Amino acid sequence: MNQIALIAGGIGTFAGIMITVIIWGRTHHGGGSTTALASTLRNEKLKSDILLNAIDDGVMLVDNQGTIQLFNPAASKITGWPISEATGLDYQTVFRLVDDKNVAYTEERSPIHRVFQVRTGLRDNTPYLVSRTNVRLPVSLSVSPLLDGQSGLNGVVVIFRDVSQERGEEQRRAEFISTASHEMRTPVAAIEGYLSLALNEKVSRIDTKAREYIDKAHASTQHLGKLFQDLLTSAKAEDGRLTSHPNVIEMGEFLEKLVEDFRFAAEKKNLILEFIVGSGGIHIDARRGGNKVIRPFYYVYADPDRVREAITNLFDNAIKYTEAGKVSIGITGDEQVVQVRVNDTGPGIPAEDIPHLFQKFYRVDNSVTRTIGGTGLGLFITRKVIELYNGKIWVESTPGKGSTFFINLPRLTSQRADQLKVQEAAKSPLENLSSAGKI
Ligand SMILES: Nc1ncnc2c1ncn2[C@@H]1O[C@H](COP(=O)(O)OP(=O)(O)O)[C@@H](O)[C@H]1O
Ligand SMILES: [Mg+2]
């Protein structure tokens, strides 16, 4: 008696979804066990179908020719392509991605294409999907390779979801934070001003006890003001509203001046402050003031206020977390980059914290951070600023010995710097004022 048998092959498991291809056939081998297997497999297929039909995430299976082999109802809903039409088409026709500036993803940038090349899973939370009716939707997607032991790559599975709602909520949250912190800065500045007046011997007379209390209130108000400022800056950084008026900056001179401003803070904590130029290390002891040295020009193109903010954040941390020893600020570079480093002999940072350090509100949880105040926003803002100028920031640290934060910024050649300076100078005075944010 002919019996229906099933030959099933699990292609792979992706994000918890088992995709099973089932081929129906006829066989003469009978017996109770085959029937059991058949029903098990039938159940498996049912389960897979139920799963694929029920989930909110779009699931798309693309074979190694780039043809869509499977397209679930959620994929159809998100893209606007009916399942029957999408299946069998090239994925590039159905799955059109653009970036936040509405520029279409090139083949090299497409995560699907890249998975075919690198053969490991990739995620991308930044693209927008252009639907069949040309509606742009922010999506988050994960692409996994379908690897087959013998012949290599069989295809890829793409799991994607429409994140419009989350983005809208993020946007509203960021707007709320930026409005709230903006509004709160004004009264805090007024309180700080009046406390300063109370502390000013020329204006007010207070006794020692009151001075002690007001001193503390003044310090806390300053901290609060800084927190609101940082909240405002990070909310802007998150939704790309960080203002930037880039200029040509010669980082050597810029840093030398900045180190001068830092000297007071270092002396207050009895820390040695050093400024090192070049990798060979021309040391300038910043406490004694800089000697004139001959050094190359380290040109970058960035907003000096933003760069100052970034380096000041690193310096503030170095001073804040270091109890004794030295803080060194160094500059060096090669043809491509200008590298600034801030090194300290502080407590260092445990290896497990390093990957999270540049995230919002992240503070290492130890006795040091419990006693020293902070918001955990400094390094997040610093990273956003550096990324704004296509730079990179990272840290190397040995717990117990100290930390070094590195910043790489793309370097301009002297010729390019001169050209840009001429262009700057050619702008009308009014334009220069407005680009400097003065009007
Ligand atoms: N130079 C440093 N030495 C030791 N730990 C540091 C240093 N710089 C940063 N950290 C750690 O990284 C955390 C995040 O830094 P940051 O974003 O500037 O926040 P904050 O200084 O407000 O805590 C700090 O809380 C601290 O735990
Ligand atoms: Mg800080």
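## Terms and model

Contact here means heavy atoms within 4.5 Å. This is a predicted model, where local features need pLDDT of at least 70, side-chain atom pairs count only at pLDDT 80 or more, and totals for chains, interfaces and linings use all residues. Residues are numbered from 1 along each chain as its sequence is written, chains are lettered from A and ligands numbered from 1 in the order in which they are written, and side-chain values use heavy atoms, without hydrogens or water.

## Thr375

Leaving aside neighbours within four places in sequence, Thr375 is in contact with His223, Leu227, Asp230, Phe361 and Arg363. Thr375 sits in the loop between helix H10 (367–371) and helix H11 (378–388). Helices are DSSP runs of H or I with at least four residues, numbered from the N terminus.

Thr375 counts as buried because its relative accessibility is 17%. Buried means under 20% relative accessible area, with a 1.4 Å probe and protein chains only. The side chain of Thr375 reaches the backbone nitrogen of Leu377 at 3.1 Å.

## Ligand 1

Ligand 1 is surrounded by 20 residues. A residue qualifies if one of its heavy atoms lies within 4 Å. The closest are Asn317, Asp344, Arg363, Thr375 and Leu379.

- Thr375, at 2.7 Å
- Leu379, at 2.8 Å
- Gly376, at 2.9 Å

On its own, ligand 1 has 530 Å² of accessible area, and the protein covers 97% of that. Areas come from the Shrake-Rupley method with a 1.4 Å probe.

## Helix H7

Helix H7 (residues 208–238) has 31 residues. From first C-alpha to last, H7 reaches 45 Å, close to the 45 Å expected at 1.5 Å a residue. The expected span is 1.5 Å times one less than the number of residues.

Buried residues of H7 include Ile214, His218, Thr221, Gly225, Phe228 and Asp230. Their cover includes helix H6 (164–199), helix H9 (304–321) and H11. Just after H7, Gly240 takes a positive phi of about 70 degrees.

## Nonpolar cores

A nonpolar core is a set of buried Ala, Val, Leu, Ile, Met, Phe, Trp, Tyr and Cys residues joined through side-chain atoms within 4.5 Å. The largest has 49 residues, and Met251, Ile311 and Ile329 have the most contacts inside it. Not counting residues up to four places away in sequence, Ile311 touches Met251, Leu255, Leu258, Phe262, Val340 and Ile407. A second, separate core of 26 residues includes Met60, Ala86, Leu97 and Ile112.

Definitions and conventions
Helix = DSSP H or I, 4+ residues; strand = E, 2+ residues; numbered from the N terminus. Buried < 20%, exposed > 50% of the residue type's maximum accessible area, 1.4 Å probe, protein only. Polar contact = N/O pair within 3.5 Å; in protein donor to acceptor, adjacent residues only side chain to side chain.
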